[in-house]
Amino acid sequence: MSDRAGITRRGLFRGIGTAGLLAGCKPSERPPTTTDDPGAAASPGEETAVGPGPAPLSFTLNGEAKTLEVAPNITLLAALREQLRFTGTKVVCDRGACGACTVLIDGVPRNSCMTLAHDVAGAAVTTVEGLASGGKLSVLQQAFVRNDALQCGFCTSGMLMSCQGLLERTRGQKLAREDVEAAIAGNLCRCGTYPNVVAAVLEAAGGSA
Ligand code: FES
Ligand code: FES
C-alpha cells in the first residue's frame with residue numbers, strides 16, 4: 001500500500017528513528033504491513049517526494065470518492081476526523097497502542113493513527129460510518145447491541161472494524177472463539193467487554209454465542 005503513495009511511513013520514520021517509534025506498537029494477529037517488516041528495503045527511486053505543503057490525495061471512503069489537500073505528515077486519523085469530519089473513528093492513544101482508531105484499508109484492519117494519509121492514495125477505506133446502510137445497523141453492529149458488547153464506547157469503533165475485517169476475510173467459514181480473540185488482540189477495552197465482543201462476533205458469523 002505504501003508504495004502507491006508518494007511518501008511512505010517507512011520513509012518518514014527512517015528519518016526520525018524507526019526503532020524507537022515502533023517499539024511500543026501493539027502485538028497483532030493482523031496481516032503484516034510493509035512497515036511491519038523491518039527487513040523490507042525500499043528500492044532506490046521507489047519513493048517520490050510529496051510536499052512539504054499540502055498535496056492532492058484521492059481515495060475511496062465508505063464507497064465514495066474523496067479528493068482533498070493533505071500535508072504529507074498528516075495521519076489518516078487526523079485527515080478523517082479533522083478534514084473530512086468523519087469523527088466515528090476515535091483517537092485515544094494516538095501512538096498505535098490501543099486500536100481505537102482502527103479502520104479497514106482495502107479490507108485489512110489498520111491503525112489510522114499510524115498510517116499517513118498519503119499512504120491510502122487509491123485505496124478503499126472503510127470507517128465505522130460505513131457499516132450501517134440505509135439507516136440500518138449492520139448485522140455486526142446489531143449483534144454488538146444485543147450482546148452488550150460496549151459500555152463507554154471509546155474502543156467500540158475500532159473494535160467493530162477489527163471484527164468486521166475478521167468477518168470479511170473469513171466469510172462463510174465457521175469461527176471459533178480463538179479466531180475472534182486473535183482478531184481483537186490489538187484492541188484495548190478498559191471496560192472489559194471482551195467476552196461480550198466475542199459473543200457478538202460469533203453470533204454475527206452465524207455461530208453459537
Ligand atoms: S489511537 Fe490509534 S492505536 Fe490508539
Ligand atoms: S467499552 Fe469502554 S473502553 Fe471498551
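Helices (H or I, at least four residues) and strands (E, at least two) are DSSP runs, numbered from the N terminus. Keep that in mind as you open the viewer. The model is a predicted one: local features need pLDDT of at least 70, side-chain atom pairs count only at pLDDT 80 or more, and totals for chains, interfaces and linings use all residues. Residues are numbered from 1 along each chain as its sequence is written, while chains are lettered from A and ligands numbered from 1 in the order in which they are written.

**Stop 1: the whole chain**

Show the protein chain as a cartoon and you will find 7 helices and 5 strands. Going along the sequence, they follow the pattern α-α-β-β-α-β-β-β-α-α-α-α. Of the 209 residues, 42% count as buried. Buried means that 20 or more other C-beta atoms lie within 10 Å of a residue's own; exposed means 12 or fewer, partly exposed is in between, and the C-beta atoms are placed from the backbone.

**Stop 2: helix 3 and the residue after it**

Select residues 76–83, which form helix 3. Its buried residues are Leu 76, Leu 77, Ala 78, Ala 79 and Leu 80, and they pack against strand 2 (64–70).

Most residues other than glycine have a negative phi. Is Arg 85 buried or exposed? Arg 85 has 7 other C-beta atoms within 10 Å, so it is exposed.

**Stop 3: another positive phi**

Select Asp 106, in the loop between strand 3 and strand 4 (108–111). Asp 106 is not a glycine, yet its phi is positive, about 50°. Asp 106 counts as partly exposed because it has 13 C-beta neighbours inside 10 Å.

**Stop 4: Ala 55**

Ala 55 is in strand 1 and is partly exposed, with 19 other C-beta atoms within 10 Å. Leaving aside neighbours within four places in sequence, Ala 55 is in contact (C-beta atoms, placed from the backbone, within 7 Å) with Val 50, Glu 69, Val 70 and Pro 72. Try the distance tool on the C-alpha atoms of Ala 55 and His 118: they are 63 residues apart along the chain and separated by 8.8 Å.

**Stop 5: helix 5 meets helix 7**

Select helix 5 (residues 156–169) and helix 7 (residues 194–204). They pack at an angle of about 35°, with their axes 11 Å apart. Here the axes are lines fitted to C-alpha atoms, for helices over the stretch in contact, and angles run from 0 to 180 degrees between N-to-C directions. Which residues make the contact? Helix 5 brings Met 159, Cys 163, Leu 166 and Leu 167, and helix 7 brings Val 197, Val 201 and Ala 204.

Pick out Val 201: not counting residues up to four places away in sequence, Val 201 touches Cys 163, Leu 166, Leu 175 and Val 180.

**Stop 6: the largest nonpolar core**

A nonpolar core is a set of buried Ala, Val, Leu, Ile, Met, Phe, Trp, Tyr and Cys residues joined through C-beta atoms within 7 Å. The largest one here has 47 residues, and those with the most contacts inside it are Val 120, Val 125, Cys 163, Val 197, Ala 200 and Val 201. Helix 7 gives the most to this core, with 7 residues.

Conventions. Two residues are in contact if their C-beta atoms, placed from the backbone, lie within 7 Å.
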